[in-house]
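Reader: I have a model open and a list of labels for it. Could you walk me through what stands behind each of them?

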Amino acid sequence: MRGSKLKQILANMSAEQYALTVGTAAGEPLTEAFSRKRVVHAGVRGKPVMPAEWQSTWQRLVGERPKPAERAAYLHIPFCRHRCLYCGFFQNYSEDELENAYINSLIKELEMSKDSPYLAGGPVNAVFIGGGTPSTLSPQNAARLLSAVRNCLPLANDYELTLEGRIHDLTADKIEAWLANGVNRVSIGVQSFDTDVRRAVGRLDDTRTILERLERLSGYNQAAVIIDLIYGLPNQTGEIWNEDLALLKTAAIDGMDLYQLNIFQDSALQQAIHAGKLPPAATTAEQAGMFAVAEAELSAQVFSRLSICHWAKTNRERSMYNVLTKAGRNVIPFGAGAGGNLDGVTMFLNRDVGKYMESVAAGCKPVAGMFVQPAGSELHNTVVAQLERGYLNLSLLSARFGPAVLELDPLLELWQARGLLQSGPVTAKLTVSGQFWYMNIAQSVLECLHALLDGEHAVEVQPIAAQG
Ligand code: SF4
């Protein structure tokens with residue numbers, strides 16, 4: 001009977017695992033559907049490749065011509081001028097000499113693969129230069145790097161080239177170096193427009209400067225301007241959040257991402273809150289309320305919703321890199337701390353800048369970890385891509401991946417009864433509550449599919465610290 005195998009799997013779980021997977025029945029779905037947020041990214045663990053095989057595996061992957069599918073590249077700049085209290089990604093403070101040496105290595109890494117059949121054999125559709133803070137690069141280093149990107153990666157005619165940055169770096173000399181060298185999308189971490197909220201967590205500029213600098217960048221009329229906001233920061237009251245949302249409508253931007261604050265274990269933010277230097281951040285229930293307010297506010301505007309947390313305000317925003325990564329397309333990694341995946345192999349490059357540079361100097365791909373993706377990863381990617389857009393269509397999934405997918409029915413019915421899903425004739429759509437809890441839902445669906453297809457329950461869980 002359809003769903004009986006999944007029911008058996010759920011029945012065999014411990015009470016704790018069951019509650020993590022399915023959630024809780026009592027209370028408001030928006031604030032209490034699950035006891036906590038489980039993961040930052042939904043995923044299922046792959047099989048590790050032995051270190052002795054990393055280089056030969058990389059050579060094999062780039063020795064083959066690419067399949068005819070869209071693909072992306074990710075370049076990592078592991079430097080920041082300032083450390084933000086909430087950040088879980090900080091690696092190194094910027095320093096001119098180190099930056100020059102690092103950019104030399106990054107260019108060499110790009111050049112090492114340039115003529116390989118994989119790199120040369122087809123277009124690269126989207127490139128994302130992330131960090132860290134890529135906008136801290138001097139205009140000279142930005143120009144050198146971008147020139148190497150255009151020289152080494154065969155960019156598609158309609159390519160998207162994103163540079164991530166901070167408001168503080170939106171000066172004319174920097175912007176002009178980026179735009180003259182092919183950047184057509186700039187993603188800026190604003191986090192909040194409110195001066196006090198920002199400065200309390202280590203950001204620098206005030207509201208007026210933010211708006212002026214966004215205006216300046218937008219005024220070049222050459223790149224999509226995207227900003228990130230975070231909800232749940234210390235001091236970010238409901239009133240301030242409403243002001244943040246109101247400014248989205250008038251700011252000179254083409255799109256926006258809204259992220260929930262995660263307080264990482266032992267982070268500077270957690271320590272500052274525990275020491276009483278900052279008020280507590282919003283609880284998960286308060287964050288849920290902030291998300292619901294934002295969802296209602298932005299849905300009432302003529303913005304296009306590209307995913308659960310991303311809106312386009314103009315046609316300039318395509319979000320191509322995000323769409324490709326969420327769909328599990330190939331992403332070629334470059335730089336210390338970069339991650340990517342090529343034809344079923346996930347890899348991470350060395351985060352240690354010194355070791356990264358040594359490895360590149362020796363002519364090696366600076367791999368620090370490699371995993372063969374599990375069977376069913378294409379199904380997993382498709383499920384995540386659907387949920388990322390706010391729906392799940394079992395008919396489409398079963399037509400492509402087989403009838404085992406239909407076993408998920410009892411889980412979806414349960415979530416429907418609990419107000420997380422709304423079932424239509426073709427697709428089940430996430431309600432606002434389901435959207436807030438979508439990462440838990442995605443992780444649970446992947447775990448259940450993995451158990452259904454492989455008979456195991458091995459999952460990769462990237463923990464989020466309890467709120468401080
Ligand atoms: S600039 Fe970005 S990467 Fe650097 S510390 Fe701040 S949030 Fe983290």
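Reader: Why does Met 290 count as buried?

Author: Buried means under 20% relative accessible area, exposed over 50%, and partly exposed in between, with a 1.4 Å probe and protein chains only. Met 290 comes out at 8% relative accessibility, so it counts as buried. Keep in mind that this is a predicted model, where local features need pLDDT of at least 70, side-chain atom pairs count only at pLDDT 80 or more, and totals for chains, interfaces and linings use all residues. Residues are numbered from 1 along each chain as its sequence is written, and side-chain values use heavy atoms, with hydrogens and water left out.

Reader: Where does Met 290 lie, and which residues is Met 290 in contact with, leaving aside neighbours within four places in sequence?

Author: Look in helix H13, residues 284–299. Helices (H or I, at least four residues) and strands (E, at least two) are DSSP runs, numbered from the N terminus. Contact means heavy atoms within 4.5 Å. Leaving aside neighbours within four places in sequence, Met 290 is in contact with Tyr 231, Gly 232, Gln 236, Trp 241 and Ala 282. As for Phe 436, it is 146 residues away in sequence, with the two C-alpha atoms 10.0 Å apart.

Reader: What makes Leu 75 buried?

Author: The value is 0% relative accessibility, so Leu 75 counts as buried. Leu 75 sits in strand E2, residues 72–77. Beyond the neighbours within four places in sequence, its contacts include Leu 106, Leu 110, Val 127, Phe 128, Ile 129 and Phe 334. Pro 48 is 27 residues from Leu 75 in sequence, yet the C-alpha atoms are 23 Å apart.

Reader: How do you know whether Arg 400 is buried or exposed?

Author: Arg 400 has 51% relative accessibility, so it counts as exposed. You'll find Arg 400 in helix H17, residues 394–401. Once neighbours within four places in sequence are set aside, Arg 400 is in contact with Glu 378 and Thr 382.

Reader: And what does Arg 329 count as?

Author: Arg 329 is at 31% relative accessibility, so it counts as partly exposed. It's in the loop between helix H14 (320–326) and strand E12 (331–334). Apart from neighbours within four places in sequence, Arg 329 touches Ala 69, Glu 70, Leu 324 and Asn 341, in the sense of being in contact with them. Ala 72 is 257 residues from Arg 329 along the chain, with 7.5 Å between their C-alpha atoms.

Reader: What is the phi of Gln 191, and is Gln 191 buried or exposed?

Author: Gln 191 has a positive phi of about 70 degrees although it is not a glycine. Its relative accessible area is 9%, so Gln 191 is buried. The residue belongs to strand E7, residues 185–191.

Reader: Which peptide bond is cis, with omega near 20 degrees?

Author: That's the bond from Gly 131 to Gly 132. Gly 132 is in the loop between strand E5 (124–131) and helix H7 (139–152).

Reader: Now the whole chain. How many helices and strands are there, and why is the chain called as compact as a globular protein of that length?

Author: The protein chain has 20 helices and 18 strands. Its radius of gyration is 22 Å, close to the 23 Å that the globule rule gives for 468 residues, so the chain is as compact as a globular protein of that length. That radius is taken over C-alpha atoms, and the globule rule is 2.2 Å times the number of residues to the power 0.38. Of the 468 residues, 55% count as buried.

Reader: Last one: what does the UniProt annotation cover?

Author: The unreviewed UniProt entry places "domain: Radical SAM core" at residues 65–301. UniProt positions are given in the numbering used here, feature names are shortened, and annotations may be inferred rather than shown by experiment. In the model, residues 65–301 are 42% helix and 21% strand, with the end C-alpha atoms 44 Å apart.
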